[in-house]
Amino acid sequence: MSRLLVQGGKALDGEVDIHGAKNSTLPILAATILTGGETVLQNCPKLRDVEVSIRILQYLGCSAGWDGDALVVNTKDMNRHHISDGLMREMRSSSIFLGAILARCGKANLSYPGGCELGPRPIDMHLAGLRQLGATITETGGRLDCETAGLTGRTLVLRLPSVGATENLMIAACGATGTTTILNAAREPEIVDLQNYLLCCGARMTGAGTSTIIIEGKAPLHDCTYACMSDRIVAATYLCAVASAGGRIYLKGAKEEHLSTVIALLREAGCQITSQSQGIVCRAQGRLQSVQGVKTAPYPGFPTDAQAVVMAALLKSCGATMLEENLFENRFRHVDELKRMGADIQVSGRVAVVTGVEMLHGASVEATDLRGGAALCVAGLGAQGDTWVSGLDHIDRGYESIERDLCALGGEVTRI
Ligand code: UD1
């Protein structure tokens, strides 16, 4: 079982290219099914959830494999419409394949993705939307059996701006006859990236990035080459790393427009952040200041995926900061691990209060989810002594190689 050794207490100084976004690559890989042809996906991150998506595509009869840094997928020979239980369990986001398989084959059989380390992850809005488009869905014993004689465009109103539901329905609507309008759609940049990919394949749609997305279904789709956007949560993680350890870093490919709430918070805490044409420079020195409360919310609000790393960055700040988690029930599991390093954090329900301490010390800690695991590395860089992080499977789901990147930024991080 590998662990990361983070040798903290040293200021960062370096630069790194931010790799492609996991959260746009996964829906784009599902959407390749609609094209029935070849997609060359550039800037596609080589990380565990992408490898699981490749295995799902291969299981469905498609070809998918790396050609250097590009992922080449051909869905022409797809010959299955079900995904095995084992593959479904490996990645919660595998439900994103539902709309695509249904639109392409008229049938889809999957097991229910169930919960995950962040708590319950319902997909009721995905299913309600697909039903409104004309799918019959039976849920028995954890299995989902979906069928349609043909999907038909409709106006769909989401109860909440769910990222996954918006993506699943955008993809399904491309295969539906007529016009689908998604109201109260999620507005995340990854949804714009999915729209851009679909447009590149010949789809007709507008509105991604706003809360109304309009899709004209049944446009003929064709092969395409597409480059995924850079990963804003990976960029947020490294901004927090320098906020925690001090120093100066340059993040090539990071975009301020995708990170405005995180950057505003870090500036308020005392970091100097400047955008350049190709990336972002961040400098930090000494202890940060506490900030006005942080409340996670759907985009353009403060991203839930950045809550843990921001908390880690504030552990040595002067004063107290309140962080409120509004999207997932179980997203403070990193707190107990951070406390092992000397952090002062009080949790009550969905609120955590971080009171800055003068010093953190290295400890043996365990990642219990993806971003919580990254937060332990961020805290480790700002702590005196050695931090050993286990549970790397979680971190590897979302970072190509967190130790490679943190070393490029001047940190001392080794996988052992
Ligand atoms: C996506 C991201 C994840 C991020 C999250 C919120 C991917 C692969 N994952 O997850 O990293 O943390 O957005 O920004 O892109 N909900 C329902 N019913 C549904 C769907 C969602 O109640 O049918 C609830 C969820 O429980 C959650 C909220 O809606 O409380 C938001 O979830 P959603 O936006 O769907 O997140 P994901 O797409 O799962």
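This is a predicted model: local features need pLDDT of at least 70, side-chain atom pairs count only at pLDDT 80 or more; totals for chains, interfaces and linings use all residues.
Residues are numbered from 1 along each chain as its sequence is written.

**Domains**

The domain assignment of the protein chain gives domain 1 (4-17 + 230-415) and domain 2 (25-227). Such bounds come from an automatic or database assignment. The C-alpha centres of the two domains are 31 Å apart. Between them the domains bury about 1,600 Å², with 53% of it on carbon and sulfur atoms. In domain 1, Tyr 299, Arg 397 and Glu 400 lose the most area to domain 2, together 37% of what that side buries. Buried area is the accessible area (1.4 Å probe) that two parts lose on being put together, summed over both.

**Pocket and cavity**

On a 1 Å grid over the protein atoms alone, a cavity is a set of points where a 1.4 Å probe fits but cannot get out; a pocket is an open set with protein on both sides within 12 Å along at least five of seven lines; lining residues have an atom within 4 Å of a point. Grid points are joined across faces, edges and corners, and volume is the space filled by probe spheres set on the points.

| Space | Volume | Lining |
|---|---|---|
| Second largest pocket | about 210 Å³ | three nonpolar, four polar, five charged |
| Largest cavity | about 40 Å³ | four nonpolar, four polar, one charged |

Here Ala, Val, Leu, Ile, Met, Phe, Trp, Tyr, Cys and Pro count as nonpolar, Asp, Glu, Lys and Arg as charged, and the others, Gly among them, as polar.

The second largest pocket draws at least three lining residues from each of domain 1 and domain 2. Its lining includes Asp 17, His 19, Lys 46, Asp 69, Glu 400 and Arg 404.

The structure holds one cavity of 30 Å³ or more. Among the residues lining the largest cavity are Arg 232, His 258, Tyr 299 and Pro 300.

**Helix α5**

Helix α5 spans residues 124-132. Helices (H or I, at least four residues) and strands (E, at least two) are DSSP runs, numbered from the N terminus. Met 125, His 126, Leu 127, Gly 129 and Leu 130 are buried in α5. Buried means under 20% relative accessible area, exposed over 50%, partly exposed in between (1.4 Å probe, protein chains only). The buried residues of α5 pack against α4 (97-105), β7 (136-140), β8 (143-147), β9 (155-157) and α6 (163-174). Gly 134 follows α5, with a positive phi near 115°.

How values were computed. Side-chain values use heavy atoms; hydrogens and water are left out. Contact means heavy atoms within 4.5 Å.
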